[in-house]
Amino acid sequence: MIGVFGGTFDPIHFGHLRSALEIGESLNLKEIRFVPCRIPPHRDAPLADPMQRLAMVRAALAGQPDMVLDDREIKRDGPSYMIDTLESLRSELTTEPLCLILGMDAFMGLSTWHRWQDLLNLAHLVVMQRPGKSLHDVNSKQAAEVTTLLKSRQVKDVKALQTKAAGSIFLHPISQLDISASKIREMVAKGKNPRYLLPDVVLQMIKVQKIYKTG
Ligand code: ATP
């Protein structure tokens with residue numbers, strides 16, 4: 001079983017890394033692919049350019065062989081739709097169970113994703129419980145769609161993920177680290193030190209390349 005962790009990673013931080021490690025261990029994943037997006041379809045353009053975000057993820061994953069960088073979205077032109085990424089992974093990995101890892105906040109917006117109803121034909125969803133985010137925080141139409149999907153697809157036993165290539169949703173509790181990339185960008189822009197929220201090697205790149213400094 002292989003994990004797929006998509007994100008903007010602007011920048012990658014310990015909230016991503018610690019969650020990935022915990023999920024990898026508890027689901028016994030062979031590996032987790034970190035897939036930085038080129039153009040996020042649902043949010044403002046990232047501040048760091050694609051090559052900088054790729055380099056920050058690569059540096060953060062060094063020395064952790066079961067976490068690997070996958071640059072297919074960065075190489076692909078146009079908006080980075082997860083459905084295209086999963087189709088491409090599925091064609092390479094044939095019947096291997098795939099687990100798309102996403103935070104509760106991302107899951108809550110699932111019904112706005114391109115071809116969202118096809119995602120579960122290609123992968124399972126592993127939803128991380130994130131501080132301060134619950135299913136009730138979204139507008140009622142989105143919440144209703146996601147709740148209905150969850151009701152029909154939720155499994156509570158990891159074995160249910162291993163026996164099929166795709167199609168189930170698993171809610172995964174993780175250590176609650178209230179860290180976000182936006183908070184880190186804001187700190188850097190204000191001249192505050194975000195050390196201990198992200199790997200030193202990533203912070204070093206941010207400083208040397210002045211990635212989030214304004215003005
Ligand atoms: P931003 O603050 O810019 O929105 P972010 O910190 O949420 O960024 P992303 O790269 O957008 O980072 O997130 C990629 C995925 O990681 C999303 O599914 C998101 O929910 C999840 N994630 C981000 N931070 C955490 C965290 N602290 N704990 C658990 N999951 C997280």
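Ring pairs tie Phe5, Phe9 and Phe34 together into a cluster. The model is a predicted one, in which local features need pLDDT of at least 70 and side-chain atom pairs count only at pLDDT 80 or more, while totals for chains, interfaces and linings use all residues. Residues are numbered from 1 along each chain as its sequence is written, and side-chain values rest on heavy atoms, with hydrogens and water left out.

Across the whole structure, a search turns up three aromatic pairs (rings of Phe, Tyr and Trp, the last by its six-membered ring, with centres within 6.5 Å; planes under 30 degrees apart are stacked, over 60 edge-to-face, the rest tilted). Phe5 and Phe9 make a tilted pair, because their ring centres sit 5.8 Å apart with the planes at 45°. With Phe34, Phe5 forms a stacked pair, since the centres are 5.2 Å apart and the planes at 5°. This second pair bridges distant parts of the chain, 29 residues apart: Phe5 belongs to strand E1 (residues 2–7) and Phe34 to strand E2 (residues 31–36). Strands here are DSSP runs of E with at least two residues, helices runs of H or I with at least four, numbered from the N terminus.

Turning to helix H9 (residues 181–189), its buried residues are Ala181, Ile184, Arg185 and Val188. They line one face of H9, because they fall within an arc of 100° seen down its axis (the arc of the directions from the helix axis to the C-beta atoms). After H9 comes Gly191, with a positive phi near 80°.

Methods
Buried means under 20% relative accessible area, exposed over 50%, partly exposed in between (1.4 Å probe, protein chains only).
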